[in-house]
Amino acid sequence: MAWMNRWWGVVALLLAAPLAADERPVFGWVEKATLEPWDIEVKAKLDSGALTSSLDAREIETFTRDGERWVRFRLDLEDEASGEMVSEYLELPRYRRVRLRGAGGEDSRPVVLLDICLGGTIYEEQFSLRDRGDMLYPLLLGRRTIGHLGLLDVTETFLTDPECDADSPRVPHDPGEDERFGDG
C-alpha cells in the first residue's frame, strides 16, 4: 500500500510540473487597459463567458468608403489615469459583423480591430461595438483576447498595469483564429 501512495505522489507531481513551469503572465478578472494610440486608460472585465470582446461605443453608424464597409462611432470614456472624460470620434474599417444570442434576444453588431495595451504588450483585437453606458466596465475582454494574454485568475483584480510605449511588443490579429472560434 505504501508503494501505491508513493506512485500517486509521483503522478501528482508529474501532472503539476507543467503548471509550475508555466511562465505566462497572470491577469485578474478586472484589469486596467489602455486603448491605443489614444492612451485612454479604462477598466476591462475579462469575461470567459463571452467569445468576442466588446467596447463601449455611441452613435454607431456604418458607411461605405472606397467600396469597403466602415464604422463611425464615438467613444465617451473616463480615463482612469487622469479622471477626465474623453470624447473621441473614430472611423475604422468594419472587420465583420457578429450576431449574438442571449437572454435578451438576438443582436447584430459591427466588429472593428483596435489595439489595446495590457501589461507591457499591445494586442490587436476584435471588438464588437455596443453602447455599454449602463455597464460597470466599458471594455469587456472575451475568450479570443484572453487566449492571447496568458492566464486568468478569477479570484484577483488589477494584477498588471498597462505600461506600453513605442518599443512594446505587439501581437497582431490572426485572421486564422476566426475559423477556429467561428462566429460569436
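Arg-58 forms a salt bridge with Asp-56, the closest N and O atoms being 2.9 Å apart. A salt bridge here is a side-chain nitrogen of Lys or Arg within 4 Å of a carboxyl oxygen of Asp or Glu. Asp-56 is buried, at 3% relative accessible area. Buried means under 20% relative accessible area, exposed means over 50%, and partly exposed lies in between (1.4 Å probe, protein chains only).

This is a predicted model: local features need pLDDT of at least 70, side-chain atom pairs count only at pLDDT 80 or more, and totals for chains, interfaces and linings use all residues. Residues are numbered from 1 along each chain as its sequence is written, and side-chain values use heavy atoms, with hydrogens and water left out.

**The chain as a whole**

The chain has three helices and 13 strands. Both are DSSP runs, numbered from the N terminus: helices are H or I with at least four residues, strands are E with at least two. Of the 184 residues, 39% count as buried. Among contacts between residues at least 6 apart in sequence, 61% join residues at least 24 apart. Contact means heavy atoms within 4.5 Å.

**Salt bridges**

How many salt bridges does a search of the whole structure find? The search finds twelve. Side chains of opposite charge can pair when their charged atoms come close.

| Pair | Closest N to O distance |
|---|---|
| Arg-58 and Asp-56 | 2.9 Å |
| Arg-72 and Glu-61 | 3.1 Å |

Asp-131 counts as partly exposed, because its relative accessibility is 42%.

Arg-72 forms a salt bridge with Glu-61. This pair too links distant parts of the chain: Arg-72 lies in strand S6 and Glu-61 in strand S5, eleven residues apart. Arg-72 is partly exposed at 25% relative accessibility. Glu-61 is partly exposed at 38%. Salt bridges that share partners join Glu-61, Arg-65, Arg-72 and Glu-91 into one network.

**The sheet S5-S6-S7**

Three strands form an open sheet in the order S5-S6-S7, with antiparallel pairing. The edge strands are S5 (58–65) and S7 (85–93), and each pairs on one side only. The twist averages 15 degrees from one strand to the next. Axes are lines fitted to C-alpha atoms, for helices over the stretch in contact, and angles run from 0 to 180 degrees between N-to-C directions. Strands of a sheet pair through backbone hydrogen bonds, either parallel or antiparallel. Two strands count as paired if DSSP finds at least two bridges between them.

S5 and S6 pair over six bridges. Glu-61 stands opposite Arg-72 in S6, and these two residues also form a salt bridge. The hairpin of S5 and S6 has two residues between the strands, and Asp-66 there takes a positive phi near 55 degrees.

S6 (residues 68–78) pairs with S7 over nine bridges, in the antiparallel sense. Val-71 stands opposite Leu-92 in S7. Trp-70 stands opposite Pro-93 in S7. The hairpin of S6 and S7 has six residues between the strands, and Gly-83 takes a positive phi near 80 degrees.

Glu-84 sits in the loop between S6 and S7. Is Glu-84 buried or exposed? Glu-84 is exposed, with a relative accessible area of 53%. Not counting residues up to four places away in sequence, Glu-84 touches Leu-77, Glu-78 and Asp-79. Glu-84 and Ile-40 are 44 residues apart in sequence, and 9.8 Å apart in space, C-alpha to C-alpha.

Glu-41 is found in strand S3 (residues 40–46). Glu-41 counts as buried because its relative accessibility is 13%. Leaving aside neighbours within four places in sequence, its contacts include Lys-32, Glu-78, Glu-80 and Pro-162.

Glu-36 belongs to strand S2 (residues 30–36). Glu-36 is buried yet has no salt bridge; the nearest side chain of opposite charge, Arg-170, is 9.3 Å away. Lys and Arg count as positive, Asp and Glu as negative; His and the chain ends are not counted. Leaving aside neighbours within four places in sequence, Glu-36 is in contact with Asp-115, Ile-116 and Cys-117.
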